[in-house]
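Open the model in your viewer and keep the selection panel at hand. The stops follow below.

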Amino acid sequence: MKIEAIGVPELKRSLKAAADYLFLNTRILDNLNVFPVPDGDTGMNMLSTLKPAVETLLNDGAGSCAAAWELLSEQANKHSRGNSGFILACFIHGFSQALDTSRTITAELIRRGFDSGSYAARSSLLSPVEGTMITIITAMAEAMAETESKDIVELLRAALTRGREKIFETPRLLPVLARAGVVDAGGLGFIFVVEGMMRGLLGAELGSEEEEDYRFEPELTVPESEDGSLSFRYCTELTVEKNGELPWPELRLFLEQRGDSIALVREEDYLKLHIHTDTPEEIRARMADLGTIVSSKIDDMAEQINVRFRTLQDHETLSVLAIVPGSGFTSIFSDLEAAACLEYAGSLPSCGEILEVLEGMESENIIVLPNEKNIIPAATLAQEASSKNVFLLPTENVVQGITTLYGFNEEDPPQQNIRSMGESIDLAVCLKVYQSSRDSRYGSVKINKQDFFILHGEEVSAADASLVQTVERGLAELDLSEAGCVSLYYSNAFDEAHMPQLEERILRLQDTLTVEFHYGGQTNSLLIVSVE
Amino acid sequence: MVIVADSSLQLSYQSIKELNIQVVEYPLFVNGEPYPATISMSREEKEKLRGLIKDKRNKVTTSGLKEEDLHRVWERFKDQKILTIHQSARMSSITATVLQKVKSELPHLDIELFDTQHMIAAYTVQVLQAARALREGMAGPELLALMKRNRENTRHVGSVYDLFFLQRTGRIGRAKAILGTAMKIIPLLGSSEEAGVLKNIGKAKTYQQANQKFVGMMAEDLAARKARRVTALISRIGPYDRETSHLKELIEQQGWDAEVEILSTNHSAMPHAGPDFYDLGYTVHED
């Protein structure tokens, strides 16, 4: 099959397959991950970066491939997570720049896109390390440059062949890989993305690869000091809207003295920084001098996950593990008989982290509530890897998680619970309220900086400069005639002074409603609104 | 033949009279003192008692049926067969013992003891159907067979807004009683596989959710028996007119051949279920 050009539909199909292929093989990447930090999250970081970006693209009506890639780039940048996610987002951004305004994509544009993407990824790193994802990207870009064919499939095949050859050289280039007996996880993840794209174009079957194919006998003669153990504690990511010229190379020196794994995207109007450091607040303060910080994320890699257990009775045979986005939800889920809550802030928990909690629970039969769409892949992998009987109820938000617990009875057998909890999953509608940190566009809705907006599923249902007005408009979109209660779960950033006015406006919409406020403690959204 | 019931029956005083049901009262005590509670109490009087129960400093209790009351009522019908119908023996073992004892003391009377294995609305719906059948001329083994069939096909569900009272009377543990209180969750209870024993059947945040759950269970029961006819009674303690009306309407909207009635709970259930409660007892008919 020869393909000389692709349009938006083929591009979307191809990218969907890329995300799906990455998903199917996420666990392999997590298990192989030893560099720069052996925290078992490379697969999830890449998936968390690519999957939501692709999902947004699939729901968008982009008229050209260039517009589609631009949206993909914007979303990947927004969702990028961890070192590998950051580099993948840089590559996508660079690729996007090569497309200019093209309606379709040809082999030549892919060649240029890989070249531009490779440059963007490599140049974002202050100290590029060979034997990692950038080595693979570069090798694949070079293979494309050497292939003169106009056939996109042939071009991708050539790049994949070179990438798969090069991946087995990564242990030689990076001794820590040799000592662990693995190839580089980020580089392999990039190969999986391209493999998925090609299979998507051809309509070929997607499947799981074998982890053993990427492992070999560890070379224990490599000194332990190079084993990639945690040298800096906090994974810090900041996006800054620039207000002037960049003080280079002073900034570079400042960053290099305070951390490693440094990646910096320098665009005309913004900067995006990724760094592993022990002094995240100092980094943040320095970056604030350069402009307005529009997003920031600081993860404690040593104690990223705060797990709270509530001891239950010894005879208990069935338990619920709820994955929750804040301490308020830990109390709420515990109150509703969840035996354990895995609490996260900022970045989503990895498969390994979920697995660790599952294995630590007393019960042998566990129902997992992911409570976030993007955690479901990691929870699925943890379910497969666990030695226990793990049942996954794919709750996509905490509101669904709460209502499923209405159907939980620890004395009932697992299958009966799964059934009755599943029947309760749609008892409430979930709206999420955010405040925009910059001017942006979400589908057809324009959102000004500092405006509030509501997401109902994937759609923006209301946006306004007033929080109260936004919530009122978002709720007015719903049929409240059969609703009995509106619960608002608030974050630390929420100003409690809004409560009386919010209650008044909601009751104005439907005076038979009960309005409740509960502390959720989530970090990403200002409010989570449950209508039930 | 005459039907004798006890005061956990939820029918109105007027219905009790019309159906000629004889009622033996459960004695009720407030802080150890007898309280003048009867099945003929008006709604205002029931509200007053509810207020006493709602104040958790008061200890409102019932005791088992009194032997002398049973003697007095049964002796009045010594020339008739007496069908004496009571709530689950599992829930009041003292009463079950007293019933057996008094029956053995009155060998000259023709007494048939019938344990409905249910309580409150689910007890009442069985008594109601037995009384109607008797009024229509059914009696003897035929009536007993009907009652056994109805008992098999009766289910009990309810929304208990405050589990404190069930916990105080030892029917659930303390841990269960405090679950979900911060979120104002409504615990839902229902009959279990074990006759006369209630179990947790779920939770709800709103009465609409609770009622949907109840009606869903009715639908399952009807489907399991390939039936379309159902007799249902809803009883309530407290200001739950809106909730119980919604439940009645929801049942009626299903297109079944359904008879549904809402009742104001009589006093005997109050100390146990608490002052904020409504329940549904229904019998599915296979005919």
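Among contacts in chain A between residues at least 6 apart in sequence, what percentage join residues at least 24 apart? The figure is 70%. Bear in mind that this is a predicted model.

**Whole chain**

Select chain A. Then colour by burial. Of the 532 residues, 50% count as buried.

**Helices H1 and H4**

Select residues 8–24 of chain A, helix H1. Angles under 35 degrees count as roughly parallel, so H1(A) is roughly parallel to H4(A). The crossing of the two is right-handed.

Now show side chains at the contact. H1(A) supplies Val8(A), Leu11(A) and Leu15(A). From H4(A) come Cys65(A), Ala68(A) and Leu72(A).

**Helix H19**

Move to residues 467–476 of chain A, helix H19. Pick out its buried residues: Thr470(A), Val471(A), Gly474(A) and Leu475(A). Why do they sit on the same side of H19(A)? Because they cover an arc of only 125° around the axis. The general rule behind such patterns: an α-helix has 3.6 residues a turn, so residues three or four places apart point the same way.

Finally, display what covers those buried residues of H19(A). The cover includes these elements of chain A:

- strands E12 (429–435), E15 (452–456) and E16 (459–464)
- strands E17 (485–490) and E19 (527–531)
- helix H20 (499–509)

Technical notes:
Residues numbered from 1 in each chain as written. Chains lettered and ligands numbered in written order. Predicted model: local features only at pLDDT ≥ 70, side-chain atom pairs only at ≥ 80, totals over all residues. Buried ≥ 20, exposed ≤ 12 C-beta atoms within 10 Å, placed from the backbone. Contact = placed C-beta atoms within 7 Å. Helix = DSSP H or I, 4+ residues; strand = E, 2+ residues; numbered from the N terminus. Arc of directions from axis to C-beta. Axes fitted to C-alpha atoms, helices over the stretch in contact; angles between N-to-C directions. Parallel < 35°, antiparallel > 145°, perpendicular 65-115°, else oblique. Left-handed = near helix turned anticlockwise from the far one by under 90°.
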